[in-house]
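Please consider the following points on the model shown here.

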Amino acid sequence: MFQQFNIRSPSPILPRPVKGLVQLITRDQWLPVTQELSFRKFIEQSDLLEELKYDFNEKAELRHTETHKPFVFNYYKNVLERNSKRYQALGHLLEQYIYELLEKVCKLQKVYIPPEADKEPRSFFFVSERALTSHHSALLVLLQDRGVFRAGQWSQQAVIHHGLQHGSQIPCIQMALQAHYDVIVLNPNDNFVDLQTEKEWKGLLTQNVESPSRKMVQTESFLSLQQSLQCIPKRCSNTPEEHMAYIWDYFISKAEGKDVAFLVHGYGGLVFMDLLVRRKWEVMSKVYAVALIDSEHHVGHQLGSDIQLLAWIKHHCREWVTSPKPLDKPAATVLKKEFPTVSAGTEEHNLAPSSSLQSIFKYFRKSLKAKAAINFSRVPIVTRSSTKRKQSA
């Protein structure tokens, strides 16, 4: 059985430091080894069993189950369209698999938005058990780059070619939970439903109980998928910006007693700055630190000359950028001088989150400790003389 994680532990004033990232990304600690939760199970339930003979090994790397080699895109020799459809199918299966890992391994709960719209297409996000109810604990919000990948992924390409410990958000979530943070995992790229594609996915993911001829027809149908125009936007999640604003308004902003930190990657940086402008005073009062990774934000275009916002980001934001320099070495550029910028320790955009993870958690803890010290210094000290004056009054 996979390891059980206890996220009911008491929340101290400051999250505990986490030592040894390597200990958190080994398979036997956070990647389930049971057949019920193996990636192979998802492939076996699809109609691509022959085309996708892959599973994750003991290092959480995607490997061929027979040759043990990495994923090969050119399965159908030089037939780009069929290979692309096969790659899309793999991505969809990985999406569903990581959703299951978030729920069954990380013990996160899926929350649909808007909650009342149960008869229409809607998006969802994930939260730790007491993220929206417990008080006096830090809350970490994960916001990824734009693309085909969904909640729980920093990069689908990194998952496929470098493994779950680099492409998924699971190591980050585990570090947060073990350090006694509550967690919210956003799903900003889940914006619409393509009716034709959804129909094909459902056919693809049926149990293997049909006849071989039936499976062949379904596979050929899947491989001949054409771009569909039957797209239905998901209310309150039409865009990453709308998804973020909705969850802030109806969930994060209502969580009292929370010190909130954001960890954002790529386009997620632009989305956060959009939220900062839209909900200026709420965000400035509730968020104590923002870690941006290779961000696509633009301070000049988004924040303009707002002196208060510029001063806030200078003291509450820090960015890790792709660079040939070692991790944490200053890496400011002419275009980015608005807040401290350091190297992510890699030149690959897709690997920047995993490369800078330890450094980011140190930054969060240091920032929260500084915030707690400021709050403590503002608490009035009761003396005998002040007590007497109050009583005589």
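**Notes on the predicted model**

1. K280 has 15% relative accessibility and therefore counts as buried, where buried means under 20% relative accessible area, exposed over 50%, and partly exposed in between (1.4 Å probe, protein chains only). Its side chain meets that of D306 in a salt bridge (3.0 Å, N to O); the term denotes a side-chain nitrogen of Lys or Arg within 4 Å of a carboxyl oxygen of Asp or Glu. This pair links distant parts of the chain, 26 residues apart: K280 belongs to helix α11 (residues 280–286), and D306 to the loop between α12 (299–302) and α13 (307–316). D306 is partly exposed, at 22% relative accessible area.

2. The model is predicted, so local features need pLDDT of at least 70 and side-chain atom pairs count only at pLDDT 80 or more, while totals for chains, interfaces and linings use all residues. Residues are numbered from 1 along each chain as its sequence is written, and side-chain values use heavy atoms, with hydrogens and water left out.

3. The secondary structure comprises 16 helices and 12 strands; helices (H or I, at least four residues) and strands (E, at least two) are DSSP runs, numbered from the N terminus. Of the 393 residues in the chain, 52% are buried.

4. Eight strands form an open sheet of mixed pairing, in the order β3-β4-β6-β5-β9-β10-β11-β12; two strands pair if DSSP finds at least two bridges between them. β3 (109–113) and β12 (341–343) stand at the edges with a single partner strand each, so one side of each has no neighbour in the sheet. From one strand to the next, the twist averages 20°.

5. Within the sheet, β5 (residues 137–143) pairs with β6 (residues 182–185) in the parallel sense over four bridges. V141 stands opposite I184 in β6. Helix α10 (residues 267–278) packs on the sheet, touching β5, β9 (258–265), β10 (287–293) and β11 (317–321), and its direction makes about 140° with that of β9. Axes here are lines fitted to C-alpha atoms, for helices over the stretch in contact, and angles run from 0 to 180 degrees between N-to-C directions.

6. A second salt bridge deserves attention: the side chains of K258 and D182 meet at 2.4 Å, N to O. K258 lies in β9 and D182 in β6, so the pair ties together parts 76 residues apart in sequence. K258 is buried at 4% relative accessibility, and D182 is buried at 8%. The structure holds 15 salt bridges, and K41, E100 and K104 are linked in a network of them.

7. The largest nonpolar core has 60 residues; such a core is a set of buried Ala, Val, Leu, Ile, Met, Phe, Trp, Tyr and Cys residues joined through side-chain atoms within 4.5 Å. Helix α3 (residues 80–104) gives the most to this core, with 10 residues. A second, separate core of 38 residues includes W248, Y267, L276 and L292.

8. Where does I360 lie? I360 is in helix α15 (residues 357–377) and counts as buried, at 0% relative accessibility. Not counting residues up to four places away in sequence, I360 touches L263, A291, I293 and W320, contact meaning heavy atoms within 4.5 Å.
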